[in-house]
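Below is a note for a colleague who is about to look through this model. The points are numbered so that each can be checked separately against the coordinates.

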Amino acid sequence: MKFSEHWLREWVNPPLSTEALAAQLTMAGLEVDSIAAVAAEFSRVVVGEVVSITPHPDADKLNVCQVNVGTGEILQIVCGAANVCVGMRAPVALVGAQLPKVQIKKAKLRGVESSGMLCSASELGLAETSEGLFSLPSDAPIGEDLRHYLQLNDVSIEVDLTPNRSDCLGVLGIAREVRALTGSPLTLPAPAQIPVTLSDCLPVAVSDSAACPHYVGRVVRGINNHLPTPLWLRERLRRSGLRSLSPVVDVTNYVLLELGQPMHAFDLAKLSGGIQVRKARAGEALTLLDGQQLSLDENTLVIADQQQAQALAGIMGGQAASVNSATQAVFLESAFFTPTLLAGCARRYGLHTDSSHRFERGVDPALQVQAIDRATELLLSIVGGQAGPLTEVTFSNALPERHSISLRATRLALLLGQALPDAEVEECLHRLDMEIEKTSPPNAPSEWHVVPPSFRFDLSLEADLIEEVARVYGYNRLPSQAASAALDIQRRPADSLRTVQSALLERGYQEAITYSFVDPQLQAQLSPNLSGITLANPLASDMAAMRTSLWSGLVQAVLHNQKRQQPDIRLFETGLRFVYASDGTLQQEKMLAGVACGRALPEQWGSDKRALDFFDLKGDLEALFKHSALTLRFDSGTHLALHPGQTAKITHEGETLGWLGKLHPALESRLDVNGALYLFEIAFKVWDTQALPSFQSLSKFPAIRRDIAIVVERRLQTSALLEQIRKNAGEFLTNLQLFDIYQGEGIDPEKKSLALGLTFRASSRNLTESEIDPVIDRVLAALEQHFNAALRT
């Protein structure tokens, strides 16, 4: 929100400097982003009147003007502006004047003396470009200093508002805040008294009362839109960052800045029948004021006449019924649109306007009549005309309700760290235009029922009221002290998150943090079996869904890095995913996910340039599982986003806790991934119970190792075979190692040979060969029984 300080001080004028006022607003939560002068520095520029004009004797495009500057002396000034005319009042830079880019000196132009310069707005730094001289009103006092006449010793203040403070998106709201913070009186303009001299009304039908519970309109006929917008109004628009377009448009923009209520004006002659507030028809066309052509969807609220949509409700008007210089009658519109139902509509069409910015955050539902009366008053005074009666459609049951909020003095003191006198609390709330009723009995802690004003619909909780009291009272007046409490020293639980993070960092991974909002199209490809939550008001189209997998953000991070010539990538992330349980309830699950691609080892002379593979990631996860008390296993599985032959599900006692695998080739091609990409994701609850370290004494007795080679089916999972060996090898087995896999000459093509090393050791005595032989026989018999395995000879 950008506004002129002079404009604000017409409403409320605290005894504070500009800097002190900005500091107080910032401390109260309305952060001042910038303070900028409304005009460049210049001096010795006065209001002058052109008395006579004669052509320059030696230049076709120059005129010799006689100019009255109020000193009693008529100045001769050579001017080349096309719009100069007798009787015109314009800024005159006297000899010795310092303009933003030049100093004025007495000079001769083509042999004719010129004692000064008639100025354009751009030459004074009041506009970036301008055509011709800066024409001043005919009643501008001749000889008066221009800076004083235009009140150019002013600044524009820009305030960065949080989304909940949409009530301050107008000078009225800022003035209310200053009144509340400083206690200075607020001087509001007198309510507009509109003489209704026409009986003309335009019928209004609202078919979507939930989206538009309050709509106000008025017909104004007989206007003259050729007339110029008054200089004072143009200047206020300029100092607020808007440019002047035409009197009707300028008035609606002015009311938006003054009251915070967006408005629109339709050319009445271009409307067919009455006004309809309805949802658009699928594919309905609308050409906006900026020339953009839209094909509307059925969720878009429009303002239409009997034939077609004429405006995007709360966003922008259409060209078909736009106002121009020939307009003689207008239909003024002022409405309240429900923020939650309008939110996101502008972004769907790639738009963001001053109107949508306010309506999405919410406007005062009681402001519409005041705004349309104010706009009518300004129109009648500027372009003339006759006003008709108000047409008002209200659905009270759909408007925001003003609820009473309970405020307790005990809670206030607890949160602020200081007990405030009741009178001080009530004064703070009264300054904020709140209705207060004290409900506590005598000699009991004070309690109030508070009803916020209609423009403060962001207040709904007791904590909101306490924050408001603290803001108005002054944060800097509250005590600042270190918190103290009697605390018992508790047993510190193991930090599983840091353990996992450290383990992955040691294995060459880097931690990433991605958004919980993801691209729904990418998410549907990576986790097609999970339905996500679609946001009602997304930040962008590629952030429109809550993630059901951390892969969505990590894959995008990989693509981002690969496009910047980073081939070797290992990233991991811990965070929440949002999924629906079988009973339909929403669950937030903490997950660990990772991605890896590129080389297995950094480039160096001592190792081959081997590409990363499935087993590298499997090894990384096995290292992590050592920190968990659970017994986890890898089983072959099928995941639609992963390669059919390189996919494993991670299970514990039959429960699937995660997935590991290579990205599906079709997805690799579709996403334009450079090379093979491997992913894993596992529920973080795996590490909720960590394996506690325990001491075991080292055996001083020798070990016995037996190597066996067995032939099994080629498709047999080695993990199942190893598990069966451990079950039958007895208590003395200390190590089981698969050290070779052979397929080739001498082996059936449908089989494979596995070479295994079994190491046995006792902690208190020597083992003998006669003890180990039966164990090996038992192992081989179990393998033959369960897997039809044969000892390779």
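**Notes on the predicted model**

1. Leaving aside residues up to four places away in sequence, Gln368 touches His214, Val216, Gln261, Ser334, Ala335, Phe336 and Val363, where contact means heavy atoms within 4.5 Å. The structure is a predicted model, in which local features need pLDDT of at least 70 and side-chain atom pairs count only at pLDDT 80 or more, while totals for chains, interfaces and linings use all residues. Residues are numbered from 1 along each chain as its sequence is written, and side-chain values use heavy atoms, with hydrogens and water left out.

2. Gln368 belongs to helix 10, which covers residues 368–383; helices (H or I, at least four residues) and strands (E, at least two) are DSSP runs, numbered from the N terminus. The relative accessible area of Gln368 is 0%, so Gln368 is buried, the classes being buried under 20%, exposed over 50% and partly exposed in between (1.4 Å probe, protein chains only). Its side chain makes a polar contact with the side chain of Gln261 at 2.8 Å. A polar contact is a pair of N or O atoms within 3.5 Å; within protein, one must be able to donate a hydrogen and the other to accept it, and residues adjacent in sequence count only if both atoms are side-chain atoms.

3. An open sheet of 3 strands has the order 23-25-24 with antiparallel pairing, two strands being paired if DSSP finds at least two bridges between them. Its edge strands are strand 23 (405–408) and strand 24 (435–438), each of which pairs on one side only. Neighbouring strands of this sheet are turned by 30° against each other on average, direction ignored; axes are lines fitted to C-alpha atoms, for helices over the stretch in contact, and angles run from 0 to 180 degrees between N-to-C directions. Strand 24 is joined by 4 bridges to the antiparallel strand 25 (residues 447–451), and Ile436 has Val450 in strand 25 as its bridge partner.

4. Two helices can be followed against this sheet. Helix 11 (residues 409–416) packs on the sheet and touches strand 23 and strand 25, its direction making about 65° with that of strand 23. Helix 12 (residues 422–431) lies across strand 23, strand 24 and strand 25, and runs at about 155° to strand 24.

5. Which residues of helix 12 are buried? They are Val425, Cys428 and Leu429, and they lie on the same side of helix 12 because they cover an arc of only 95° around the axis, the arc being that of the directions from the helix axis to the C-beta atoms. These buried residues of helix 12 pack against strand 23, helix 11, strand 24, strand 25 and helix 13. Just after helix 12, Asp433 takes a positive phi of about 65°.

6. The structure holds 46 salt bridges, each defined as a side-chain nitrogen of Lys or Arg within 4 Å of a carboxyl oxygen of Asp or Glu. In one of them, the side chains of Glu5 and Arg9 meet at 2.8 Å, N to O; because they are 4 residues apart in helix 1 (residues 5–11), Glu5 and Arg9 are separated by about one helical turn. Glu5 is buried at a relative accessible area of 7%, and Arg9 also counts as buried, at 18%.

7. Glu468 forms a salt bridge with Arg471, with the closest N and O atoms 2.7 Å apart, and both residues lie in helix 13 (residues 462–473), 3 residues apart, or about one turn of the helix. Glu468 is buried at 3% relative accessible area, and Arg471 counts as buried at 6%. The side chains of Glu771 and Arg765 likewise meet in a salt bridge of 2.7 Å, N to O, but here Glu771 is partly exposed at 28% and Arg765 is partly exposed at 34%. Salt bridges with shared partners join Arg165, Asp167, Glu177, Arg456, Asp458, Glu468 and Arg471 into one network.

8. A further open sheet has 4 strands in the order 36-37-35-38, again with antiparallel pairing. Strand 36 (733–742) and strand 38 (790–791) each have a single partner strand, so one side of each is left without a neighbour in the sheet. Strand 36 pairs with strand 37 (residues 751–760) over 8 bridges in the antiparallel sense, and Gln737 stands opposite Gly757 in strand 37.
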